[in-house]
Amino acid sequence: MYKIVRKSELAPKIKLFEVAAPDIAAKANPGQFVIVKTCENGERVPITLVNADTKKGTITFVFNEVGKTTRQLGLLNEGDSILNVCGPLGNPSEIEKFGTVLCVGGGVMIAPMLFQVSAMRKAGNKVITVIGARIKDLLFFENEMKALSDEFYVATDDGSKGYKGLDFLKEILAKQKIDRVVAMGPVVMLKIVSEMTKPLGIKTIVTLTPIMVDGMGMCGACRVTVAGKTKFGCVDGPEFDGHQVDFEELVQRQRMFLPEERLAALFHERIGGINVVKCEG
Amino acid sequence: MSNAKAEQPKCPQDRWHAVEMPKQDPKVRAHNFDEVALGYTEEQALTEAARCISCPKPGCVQNCPVELEIPAFIKLVKEKKFDEAIRKVKEKNSLPAICGRVCPQEEQCQKTCVMGKKGQSVSIGRLERFLADREMQKGVTAPQLPSPTGKKVAIVGAGPAGLTAAADLAKLGHRVSVFEALHLAGGVLVYGIPEFRLPKRIVQAEVDYIKKLGAEVRTDALVGRLFTIDELFKQGFDAVFIGTGAGLPQFMGIPGENLGGIYSANEFLIRVNLMKSYLFPEWDTPIRVGKHVAVIGGGNVAMDSARCALRLGAEEVCIVYRRSREELPAREEEILNAEEEGIVCKFLAAPLRYIGDKSGWVKEMECIAMELGPPDESGRRRPVAMKGSEFIMSVDTVVVAIGRTPNPIIQRTTKGLETTKYGTIVVKEETGQTSLEGVYAGGDIVTGEATVISAMGAGKKAAKSIHKYLMKV
């Protein structure tokens, strides 16, 4: 059991948990994830880490309440415990002094980008950070990102705050020499960013979030095609060269269980009460 | 136990015939996940035990990887001393309810049974299961343990090898901690073997027994990532046993393999067995099985996958195997069970590519017919593709069950640990010791994918060596 020591709501339905897990905290690095399971009959859900505090012995992660499990997770409060937290899983991000690094975080993945931005900064890079969301209400960590970045930009799909869409990235990329781009967010965003940087020959690392079950290389649910070869998101990734990823296949594979996910959410809504009680045991 | 109607077992006409074990009717069981084989009654067990002639030089014992004293425990069954009989079994085997169900006895103890020369061998596995189930119903008590040695052993992986090593070392008075990466202990017994062949409550009960012996089981702990082997020694462990198994799925690397509806057998079985997706949506993890399922491969894992697919509502489940029936590596009993349930086999065929629909879901599989050439290094005749024999099969679900490879994480994160080109860990045959002092290994991580009982045998052997090593240190 892993105790929640801090809970906060960063934006509607986007919640942050700081969880006591000293062994995981001691080993966790930016780019890695944990597998969380909330109850005996629950599913195993991968969530990218946002921070690891070795002194406090805690790890932090952020999730968006979109499906049954994340909603159930959102019902837990400070002082409650999570049944299973397994990690750190996946390979740590490559963090070194590259020169100028452009960090693009979108949606709920703005959160783990903070871990990355902070590490890139510590490694001595000039950090340009861009965060984006559908609408301005879904933006968060603006102050934290600003404080750690040499340049900081905001974008929304509807233009309700900052730039509208990601077209402005072209100007940023044209304005100065950028040595590396890292992107975390929805697949469509990763694809847009990768397509922009490819003609410029700027190495672009994207964090992929395929469906996973065990998260440690056993099932292959998370397989992605990179440079024409099948890789496992969990043990070969989750970060890959954005110029080599087959994004269309990734989107198709992410949608494999959409009808079932909807059914589970509906089931949880209608008779969720029973389920939640059962899960507290 | 199941409410389903059981088939009436045939009575033995003479001592050369074994007492059949009652099973669920194939038509009924093809639609449920309850256990297929229902176990002997006391009367059946006594009748079967009476067939053992207690040979002075028993072939069965020699052929048992854990050297179970088979004639001795069967003699106790004959005398109706069931409590003593299970104690006798447990002297050598800490997981009898599991072994009684999933050991390939026909290849081991029962293969060399003297009764088998003229008739059918004594059903050793069924008797073992009878005793273990009977004890479980009564409530299992742990034996008296020796005083603690003060030595600590870390076991990496709570599968058959690790659990056996843990039990033996705990019985010798060592403090044992078992590290399991998944959220449940049992390894392949919980994620691989289906409920209808090995109910998970049985595995849980065996794990509980090992806990009763004093072993600590720590789940969610992926050694290699969370702690390295070096760090385990720094934490105060005096020896380490690695039993991390062969859990990585293999794919064929043919076009279209990443289409929707194509699962590795591991993913398919993990979803169904570990995550209980047959109970979705009460259990959260989904699985989708269409009407026409193809399972690629011919081992026990292929049989298990096919039988799960049938139970999940498939109209037709076809095993596609590149050799012929004779070469099927699955246990004969499992092949018969699968056939009885209506699984069909397409022999001498192999997939070439998968074809998807607009949404990226598999709809067809192009195969090629094979013929058998001269034997290969495995001794089985090598399948050779027949030019121009390509054909199309309509499928909407495919399970790729062509074998599993060793888990690589310990090998990658442990300096100085000698491995083979296949990624298995090199050990000394007699002791199970690796290239590192105090580090032992056994099971699939050493041999590559094999059986539960051979992993248990390796766990047992390593436990003996670890004990020797610790008491000398």
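This is a predicted model: local features need pLDDT of at least 70, side-chain atom pairs count only at pLDDT 80 or more; totals for chains, interfaces and linings use all residues.
**Salt bridges**

I counted as a salt bridge any side-chain nitrogen of Lys or Arg within 4 Å of a carboxyl oxygen of Asp or Glu. I numbered residues from 1 along each chain as its sequence is written, lettered chains from A and numbered ligands from 1 in the order in which they are written.

I then looked up the bridges between the chains. The count between chain B and chain A is four. In one salt bridge, the side chains of D23(A) and R218(B) meet at 2.7 Å, N to O. I also noted a salt bridge of R288(B) with E260(A), whose closest N and O atoms are 2.7 Å apart. R288(B) lies in the loop between α12 (265–274) and β7 (292–296) of chain B, and E260(A) in helix α9 (residues 258–279) of chain A, so this pair joins two chains. For these names, helices (H or I, at least four residues) and strands (E, at least two) are DSSP runs numbered from the N terminus.

**Interface of chains A and B**

I took contact to mean heavy atoms within 4.5 Å. In these terms 44 residues of chain B touch 47 residues of chain A. The two chains bury about 3700 Å² between them, with 56% of it on carbon and sulfur atoms; buried area is the accessible area (1.4 Å probe) that two parts lose on being put together, summed over both. On the chain B side, R225(B), N258(B) and D284(B) lose the most area to chain A, together 21% of what that side buries.

**Helix pairs in chain B**

I used axes fitted as lines to C-alpha atoms, for helices over the stretch in contact, with angles running from 0 to 180 degrees between N-to-C directions. Angles under 35 degrees count as roughly parallel, over 145 as roughly antiparallel, 65 to 115 as roughly perpendicular and the rest as oblique.

I found that the axes of α2(B) (residues 42–49) and α4(B) (residues 70–78) come within 9 Å and cross at roughly 125 degrees. These two helices are therefore oblique to each other. In their contact, A45(B), L46(B) and A49(B) of α2(B) meet I74(B), V77(B) and K78(B) of α4(B). I sorted the residues of this contact into five nonpolar, no polar and one charged. Here Ala, Val, Leu, Ile, Met, Phe, Trp, Tyr, Cys and Pro count as nonpolar, Asp, Glu, Lys and Arg as charged, and the others, Gly among them, as polar.

For α12(B) and α13(B) (residues 300–311), I found axes that come within 10 Å and cross at roughly 50 degrees. That makes α12(B) oblique to α13(B). Residues making the contact include F268(B) and L269(B) of α12(B) and V301(B) and C308(B) of α13(B). The residues of this contact divide into seven nonpolar, two polar and one charged.

**Backbone**

I noted that most residues other than glycine have a negative phi, and most peptide bonds are trans. The bond from G87(A) to P88(A) is cis, with omega near -5 degrees, and P88(A) is found in strand β7 (residues 84–89) of chain A. The bond from F280(B) to P281(B) is also cis, with omega near 5 degrees. I placed P281(B) in the loop between α12 and β7 of chain B. D220(B), which is not a glycine, has a positive phi of about 60 degrees; I located D220(B) in the loop between β3 (216–218) and α11 (229–234) of chain B.

Conventions: Side-chain values use heavy atoms; hydrogens and water are left out.
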